[in-house]
Amino acid sequence: MRPSLKITLLLVLLALWQVGPARAHGGEDHGGTAKASGGAFPTTFSVAALSEKFELLLRFEPLEKGKDADLRLFISDYATNAPIKGAKVTITCPEAPALKFAVSEKEPGSYLVESSFPENKKYSLAVNIVAGSQADLMALQGLEVGKKLPVAPEATHADGSIFSSWKTILALVGAFAFGILLTVLLMRRRAAAPVSTSTPPVYENHA
C-alpha cells in the first residue's frame, strides 16, 4: 500500500474514532420509567387488578378535581383472557363514599366509567362484577387526581441531535477531502523532484 493511501485511511479512521463517542452519547436515555401507558411519552394512566375470575385494567387521562372524569374499564376472563361482555358493574370509592359512578358498556369487555373527584389526592375503587354465574369484588388502587403525565423533551433537544448528525457528516467529508488533498500534494512533490542520472566518464584519446 502506498504511503499516501495509508495516511488517508488513518485520517478517516481518526475522524470516525472522534465522532463515534459523540453519536453514542446522543442515543442514551436519561429519562426515568414513567408509570403510565401509551408508549415512551404516554397519553393515559393505567391501574390493574387480578383475581381468580377476572382481570381488570382501568385507563384514564390525567384527572382534575371537580371536573368530569371519563375512565375506560376493561374486564376479561382470568383463565382465557376473553372479554367479559354484558357484566353488571357497580363501583364505589372507600375514600369518598358519596361519589357516584355511572358505568356503561361501549364494546364487548370495555366499559365507560363516568364520575368526578372532589380533591387532588389518591383514590381507590371497589369494583363489584356480576357476569353470568360468576361474581367478584375487586379493588383498583392508585388513582391520583392532579397528577400530570411525563413531558416530552423540548424541541431544542431534537434540533441538537440533527445538528450533531450534520457535524458527523461534515467531519467525515472533511477528513476524506483532506486525505485526497494530501495525496495530490505528495504526488506533485514526487513529480517535481529532480531525477539524477549517471553518465559514464569520457576518456580522452591522447594517441
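How many helices and strands are there in the chain? The chain has 2 helices and 8 strands, where helices (H or I, at least four residues) and strands (E, at least two) are DSSP runs numbered from the N terminus. From the N terminus on, these elements follow the order α-β-β-β-β-β-β-β-β-α.

This is a predicted model, in which local features need pLDDT of at least 70 and side-chain atom pairs count only at pLDDT 80 or more, while totals for chains, interfaces and linings use all residues. Residues are numbered from 1 along each chain as its sequence is written, and side-chain values use heavy atoms, with hydrogens and water left out.

Of the 207 residues of the chain, 25% count as buried; buried means under 20% relative accessible area, exposed over 50%, and partly exposed in between (1.4 Å probe, protein chains only). The table gives the relative accessibility of residues discussed below.

| Residue | Relative accessibility | Class |
|---|---|---|
| Phe 117 | 1% | buried |
| Tyr 123 | 2% | buried |
| Glu 64 | 36% | partly exposed |
| Lys 67 | 49% | partly exposed |
| Lys 122 | 56% | exposed |

The structure holds 3 aromatic pairs, a pair being rings of Phe, Tyr and Trp (its six-membered ring) whose centres lie within 6.5 Å, with planes under 30 degrees apart counted as stacked, over 60 as edge-to-face and the rest as tilted. One of them joins Phe 117 and Tyr 123 in a tilted arrangement, at 4.9 Å centre to centre and with 50° between the planes. Phe 117 and Tyr 123 also belong, with Phe 101, to one aromatic cluster.

Lys 122 is placed in strand β7, which covers residues 122-131. The C-alpha atom of Lys 122 is separated by 8.3 Å from that of Gln 141, although the two residues are 19 residues apart along the chain.

Turning to charge, the structure holds 1 salt bridge, defined as a side-chain nitrogen of Lys or Arg within 4 Å of a carboxyl oxygen of Asp or Glu. Glu 64 and Lys 67 form this salt bridge, and their closest N and O atoms are 3.0 Å apart. On the surface, Glu 61, Asp 68, Asp 70 and Glu 114 gather in a patch of negative charge, a patch being made of residues with over 30% relative accessible area and no salt bridge, with like charges joined within 9 Å. Of these residues, Asp 70 is found in strand β3, residues 68-77.

The loop between β3 and β4 (88-92) contains Asn 81, and Asn 81 has a positive phi of about 65° although it is not a glycine.

Notes:
Patch = residues over 30% accessible without salt bridge, like charges linked within 9 Å, V, L, I, M, F, W, Y side chains within 5 Å. Areas by Shrake-Rupley, 256 points an atom, 1.4 Å probe, with all protein chains shown as cover. Lys, Arg positive; Asp, Glu negative; His and termini not counted. Charge placed at Lys NZ, Arg CZ, Asp CG, Glu CD.
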